[in-house]
Amino acid sequence: HLDQSEYGASVRHLDLIKRRQKYLGGSILFYHDPVQLVRGEGVWLYDDRDNRYLDCYNNVASVGHCHPRVVEALHNQAGTLNTHTRYLSETVIGYAEKLAGLMPGELRVCLFVNSGTEANELAMRIARTVSGHNGAIVMEASYHGNSTLMNEMSTLAFPVASERAPHIAAVEPPNTYRGPYRGGEHDRLGARYADLVDAAIDELQAREMGVAAFMCDTIFDTQGTLEAPKDYFQRVYQKVRAAGGLCIADEVQAGLCRTGRWWGFEHYDVIPDIVTLGKPMGDGHPLAVVITTEAIASAFSERAFYFNTFGGNPVSAAVGRAVLEVCEQEALLANCAEVGDYLRQRLEQLAARQPLIGDVRGHGLFLGVELVEDRQSRHPATGIARRVPDAMKAQGVLMGISGRHGNVLKIRPPLTFNENNADQLVDTIQG
């Protein structure tokens, strides 16, 4: 809610809500009775009455809230040195080398920024500079950030096509459950959805914009957590590159082990031209990265000047490296795959008994549960879905909803989630 009048007198923190709305610009709050969180540990969050909540939503605290190793790295580096980024730093260079070593192909040049929005903004600036074109192809109902350009590229904010900027063209996401093309594995779904990009390319060329880039969140978060057909991205990338554009994988949501792979695009056997990373990379510390090839980075630097005062500062780099080391040493990649499979099986078992659940989908520890009024019509159960987060919170579990109809339960816990946590989540949903 944005308006304090929408909260009743029974809301426990009404005075705090009023103060927030007065001084924080009407920023959005979760829940009809917002929770005041005061501390976190691992997969748990605690409110001001020391009530404990299982966090099934927060991919910012990727390796767990207040992970001791990350906190130690931040504390030690902050107590040693933190300054802008125009000095030599073994800490910063070492982090870039380690991160680049986790990327496939020729992706090895890191440009550090502070947020996913900044990363996507810089990625588009690179694409426009290198391609010489201006247009961007995105998904319908996409979200890529809150700068001016990223807001324009976030069609979630502009559902009516006629209200969009002329350099934006959108295509339907590959939603094989609810989209225009559905069916089995032999129905050429990947090709049919990829062919929608042809019209977007023609549209941008007709406007004399050309194609600078195709940008896509590889877990399709705002579209309700989708699994694209296996060949979808291969076909789209081929079309975009033939039109002179670059392919940008927005990994702010799907990156860092979450989907059971280091990076979400790895499920589709493609290598993007540019990868953007954000939220999870700093376990709550502001850290984001653009990663590209030496050829693209060189072509950009020959024609443009770029620097970032805080992006990739020594503290951020120390935190980022600690996060990667935790992922490796605690085997979080395998954990996401294994616990994600277990959680999905339990949700599918629940779906077999509960006709309200129309579809369970996603990868690893990023799953979506679509609620429908009946399975035959697939009519979205939006009203019911909107009540679920409040009901779950009352039972000690925090989760959210997403999707174009607001009817998809979004499950996105810290990467340290285990099978006992998964049992608690599913038992609470079915209860």
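Predicted model: local features only at pLDDT ≥ 70, side-chain atom pairs only at ≥ 80, totals over all residues.
Helices here are DSSP runs of H or I with at least four residues, strands are E runs of at least two, and both are numbered from the N terminus. Residues are numbered from 1 along each chain as its sequence is written, and side-chain values use heavy atoms, with hydrogens and water left out.

**Helix H12**

- Helix H12 covers residues 382–394 and bends by about 30° at Val388; the bend is the angle between axes fitted to the seven residues ending there and the seven starting there.
- A proline, Pro389, follows within four residues of that bend.
- Thr382, Ala385, Val388, Pro389, Asp390, Met392 and Lys393 of H12 are buried, where buried means under 20% relative accessible area, exposed means over 50%, and partly exposed is in between (1.4 Å probe, protein chains only).
- An α-helix has 3.6 residues a turn, so residues three or four places apart point the same way.
- The cover over the buried residues of H12 includes strands S3 (52–55), S12 (366–371), S13 (397–398), S14 (400–402) and S15 (408–411), along with helix H13 (419–430); contact means heavy atoms within 4.5 Å.

**Second largest pocket**

- The second largest pocket has a volume of about 630 Å³.
- On a 1 Å grid over the protein atoms alone, a pocket is an open set of points with protein on both sides within 12 Å along at least five of seven lines, a cavity is a set where a 1.4 Å probe fits but cannot get out, and lining residues have an atom within 4 Å of a point.
- Grid points are joined across faces, edges and corners, and a volume is the space filled by probe spheres set on the points.
- Its lining runs to 26 residues, and Thr85, Val92, Cys110, Phe112 and Gly311 lie nearest the centre of this pocket.
- Helix H3 (90–100), strand S4 (107–113) and helix H9 (294–303) each put at least two residues into the lining of the second largest pocket, with S4 giving the largest share, 4 residues.
- The lining of the second largest pocket splits into 17 nonpolar, 8 polar and 1 charged; Ala, Val, Leu, Ile, Met, Phe, Trp, Tyr, Cys and Pro count as nonpolar, Asp, Glu, Lys and Arg as charged, and the others, Gly among them, as polar.

**The cavity and His144**

- Searching the whole structure turns up 1 cavity of 30 Å³ or more, and the largest cavity has a volume of about 30 Å³.
- Met139, Ser142, Tyr143, His144, Cys216, Asp217, Phe220, Thr222 and Gln223 line the largest cavity, dividing into 4 nonpolar, 4 polar and 1 charged.
- His144 sits in the loop between strand S5 (135–139) and helix H5 (148–153).
- With a relative accessible area of 4%, His144 is buried.
- Not counting residues up to four places away in sequence, His144 touches residues including Asn120, Met150, Cys216, Asp217 and Asp250.

**Aromatic pairs**

- The whole structure holds 11 aromatic pairs; rings of Phe, Tyr and Trp (its six-membered ring) pair if their centres lie within 6.5 Å, and planes under 30 degrees apart count as stacked, over 60 as edge-to-face and the rest as tilted.
- Phe30 and Tyr31 make an edge-to-face pair, 6.2 Å centre to centre with 80° between the planes.
- Phe30 counts as partly exposed because its relative accessibility is 48%, whereas Tyr31, at 13%, counts as buried.
- Tyr95 and Phe112 are stacked, 5.4 Å centre to centre with 15° between the planes.
- That pair links distant parts of the chain, with Tyr95 in helix H3 and Phe112 in strand S4, 17 residues apart; both Tyr95 and Phe112 are buried.
- Phe214, Phe220, Tyr232, Phe233, Tyr237 and Tyr268 form one aromatic cluster.

**Arg321**

- Arg321 lies in helix H10 (residues 314–329) and is partly exposed, at 32% relative accessibility.
- Leaving out residues up to four places away in sequence, Arg321 touches Gly94, Tyr95 and Lys98.

- Most residues other than glycine have a negative phi.
- Arg188 has a positive phi near 55°, and its place is the loop between strand S6 (168–171) and helix H6 (189–194).
- Asp269 also has a positive phi, about 55°, and is found in the loop between strand S8 (246–250) and strand S9 (274–277).
- Arg188 is exposed, with a relative accessible area of 53%, and Asp269 counts as exposed at 53% relative accessibility.
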